[in-house]
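This report is meant to be read alongside the sequence and the 3D structure. Please keep both in view while going through the headings below.

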Amino acid sequence: MDLFRDILDKQIIDHDQRPMGKVDGLVLEFTDEGPPRVAYVEVGVLTQARRLHPRLGRWVARWLKKRGLETDESFRIPWAKLVPMSNALAAAVDAEETPVMSLERWVRRHIVGRIPGA
Amino acid sequence: MKKAFEIALGIVTSIGGFLEIGSLTTAAQAGAEFGYQLAWAIVLGGLCVIFLIEQSGRFAAVSKHTIPSAIRERFGVRYYTLLLVTLVLVVLLVLAAEIGGVCIALELLTGVSYQWWALPVAFVLWLLLWKGTFGFIEKGVSLLGLVTVVFIVAALKLHPSWGEVASGALPTLPGHDKAHYWFIAVSIIGASITPYLFFFYSSGAIEDKWDEDYIGTNRAIAGLGMSFGALIAIAVLIVAALVLLPQGIKVEHYSQLPQLLTSVFGYWGFILFAASLGIACFGAAQEISLEVAYFVAQGYGWNWGENVRPKKEARFSLVYTVVIVLGAGLTAVGLDPLKLTVLSMALTAATLPVSVVPFLFLMNDRSYVQEYTNGFISNAVVLFIVGLSFILAIVSIPLQIFGG
């Protein structure tokens, strides 16, 4: 398996097959014995921003802190909870209960939910 | 039986959806200034869009991926973001032009200036996406778009010399206004590919759960639908060459456009023109607003789909809402719809490599399309036309803007 080609930027779906973002980053674990292993995949706007440019990453981090939305880390899904499928990674989590959906929830509550007919 | 129906519906909606303000205006300008000489640009643009649509459908049917999602996966978040920014900037101008087209149709019918119509039109556009099931509306508007076939009737009634039309299908060097000739050629090619239909098309194929069995269906829809669509654009060019050119009218203002049909059909020509323009542009505006929302949702891995209620996918709904507001805003502040149209079509041509080149990589990648990779011709035709229009665009856009 080629991590960059096969895992990074791949679609993630939750236990209900609901799309819950892409693999924005990988967290590797180095141990004394054996090669490094993937410990987590990261999902979140902060990791995305850091990949675009470190400065953009710092801006986003500051903005997130000011809004009290997130800490200085993106949401991490342990590798053990992921099963690679042909077109996606299936995660054994409920998307609605993770910070991955915090922007969705915010938009739903403050903007879209207030428009009649939503 | 079901497949025959799907093919028929696909072809009919492609024909009805082909014409929009871009193809209409650029074909009319070409005919009014250069007669049949620029017919080749419509042929090239049509050919390119046939290949792109066929590839997009094949890609979705085999890989079960939408194109934006695959571009993100294969080329990473940086390239995806570059493409997103480019697409949004160009598409907002195109959307403003399409909304402008609907508003002009309403101005023609009511006499109330187009700017006043921008917000009401945007509201109806948004409401249909918000309330409706997209697929149904989109197909409905495309079917109504068949009214644009009236241009073919008009062209036939004018009895053009078909030999001369055919000779226009081969590129020739212009005798006058050289810079403007190439600029219109670029705009025509851009107009046949905008509104980035090939991105949109892969989403439909995924939603209809296409598989390898649909490759033939897809080829028929792409080939026939887009060819007939391009014929309408050629009809517009013929009518403009026979009606506007002899009078020396150069299409510098949209109020000159209804003459295309009034000269043939009289009063009803006026009504038919307004209906064609309004419906065609409305359909295109719908597709573009949705397309941006699809592009963002598929690239960021959100839920997306025709029948998702706004509250179930709030970010998706927010994207098309913002896009419509911005597009209508550009129209409402009074940017000239005609200039906006021609410029946005040329910009489409100039930015095509950014979206088409990675797409071609995907079409040749066996991990996505298995044994259904592009053949030599599919690759060569698209690369040649996109490359040519890119070169023409970067040369002729500055000449057009700064050369007066």
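## Sheet of chain A

A:Leu82 has A:Ala91, in β7(A), as its bridge partner. The strands β6(A) and β7(A), the latter covering residues 89-91 of chain A, run antiparallel and are joined by 3 bridges; strands here are DSSP runs of E with at least two residues, helices are runs of H or I with at least four residues, and both are numbered from the N terminus. Two strands pair if DSSP finds at least two bridges between them.

In chain A, the order β2-β1-β7-β6 describes an open sheet of 4 strands with mixed pairing. Its edge strands, β2 (19-22) and β6 (82-84) of chain A, each pair on one side only. From one strand to the next the twist averages 30°, with axes taken as lines fitted to C-alpha atoms and angles running from 0 to 180 degrees between N-to-C directions.

## Basis of the model

This is a predicted model, in which local features need pLDDT of at least 70 and side-chain atom pairs count only at pLDDT 80 or more, whereas totals for chains, interfaces and linings use all residues. Residues are numbered from 1 along each chain as its sequence is written, while chains are lettered from A and ligands numbered from 1 in the order in which they are written.

## Overall form of chain B

Chain B contains 17 helices and 0 strands. Its radius of gyration is 20 Å, close to the 22 Å that the globule rule gives for 404 residues, so chain B is as compact as a globular protein of that length; the radius is taken over C-alpha atoms, and the rule is 2.2 Å times the number of residues to the power 0.38. The C-alpha trace of chain B spans about 55 × 50 × 45 Å along its principal axes.
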